[in-house]
Amino acid sequence: MTLAERLDELADELEEIFEEEEDVSFHRELEEITLEVPRDKLFETMKTLRNARSLQFDTCMDICGVDLSAYGMSEWTTDNDGFCRGVDRRMFNPEPASRFAVVYHLLSVVKNHRIRVKTLLDSDYPVVPSVVDLWAVADWFEREAFDMFGILFQGHPDLRRILTDYGFIGHPLRKDFPLEGEVEMRYDPEQKRVVYEPVSIEMRTLVPRVIRHDNRYEEGWKPEEPAVEEEGEADV
């Protein structure tokens, strides 16, 4: 069975199972199927994906958070005529509606199917049900999304930071988190311990290398090479 045939089969099964769910929809693009689910129906939908005999998504491959507040936006507009970028110190104000998303990647070993499940969350209440009871591997995935984005997973047995240090302030992968961070750390030989201090570096937007027009590559710039004398002419 080809990939296209497997996707057709999966799409038919999804349409049959979720045809009565108006809020649950899916689309197919780039040989992948994405199922969009509201957060209040997420757990039951994920349970169906795992337990339905025609689906059997028995493996959770990954769970990740997404901050969509600056999706499709470009911080700078420029051309290649020179260094026309500069420093932007304006405060970033993300949109609160549907700011965050949680994306799940599921695999059915039995059916050889893959699916992406996405649910949107707002910035005021970024809470989604935990799926640890369905897939135990979701434990660390959800902790990482909590640590990096501040997304809360209701019902998680041990929702703690997993990548950042103890006492870390903020969530590093949020779009409004400063690139230089909130604090910097160093070892103090007098106190014989690691200390935290305010950030001493200034936030700057990196400027890409721009290759300007180089006249060395213009036609006619390079001097003509001397003509090579033919054999016998030098003896005359």
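**Exercise 1. Pairing around β4**

Task: In this predicted model, determine how many bridges join strand β3 to β4, and in which sense the two strands run.

Solution: 
- Take β3 as residues 59-67 and β4 as residues 100-108.
- Eight bridges join β3 to β4, and the strands run antiparallel.
- Now turn to strand β5, residues 113-121. β4 pairs with β5 over nine bridges, also in the antiparallel sense.
- Here S108 has H113 in β5 as its bridge partner.

**Exercise 2. The β4-β5 hairpin**

Task: State how many residues lie between the strands of the hairpin of β4 and β5, and which residue takes a positive phi.

Solution: 
- Four residues lie between the two strands.
- N112 takes the positive phi, near 60 degrees.

**Exercise 3. Burial of β4**

Task: Explain why β4 counts as largely enclosed by the rest of the structure.

Solution: 
- Apply the cut-off: buried means under 20% relative accessible area.
- Eight of the nine residues of β4 are buried, so the strand is largely enclosed by the rest of the structure.

**Exercise 4. A nonpolar surface patch**

Solution: 
- List the members: V183, M185, Y187, V194 and Y196, with about 500 Å² of accessible area together.
- Assign the elements: β8 (183-188) and β9 (193-198) each give two or more residues.

How values were computed
Residues numbered from 1 in each chain as written. Predicted model: local features only at pLDDT ≥ 70, side-chain atom pairs only at ≥ 80, totals over all residues. Heavy atoms only, no water. Buried < 20%, exposed > 50% of the residue type's maximum accessible area, 1.4 Å probe, protein only. Pairing = 2+ DSSP bridges. Patch = residues over 30% accessible without salt bridge, like charges linked within 9 Å, V, L, I, M, F, W, Y side chains within 5 Å. Areas by Shrake-Rupley, 256 points an atom, 1.4 Å probe, with all protein chains shown as cover. Salt bridge = Lys/Arg side-chain N within 4 Å of Asp/Glu carboxyl O.
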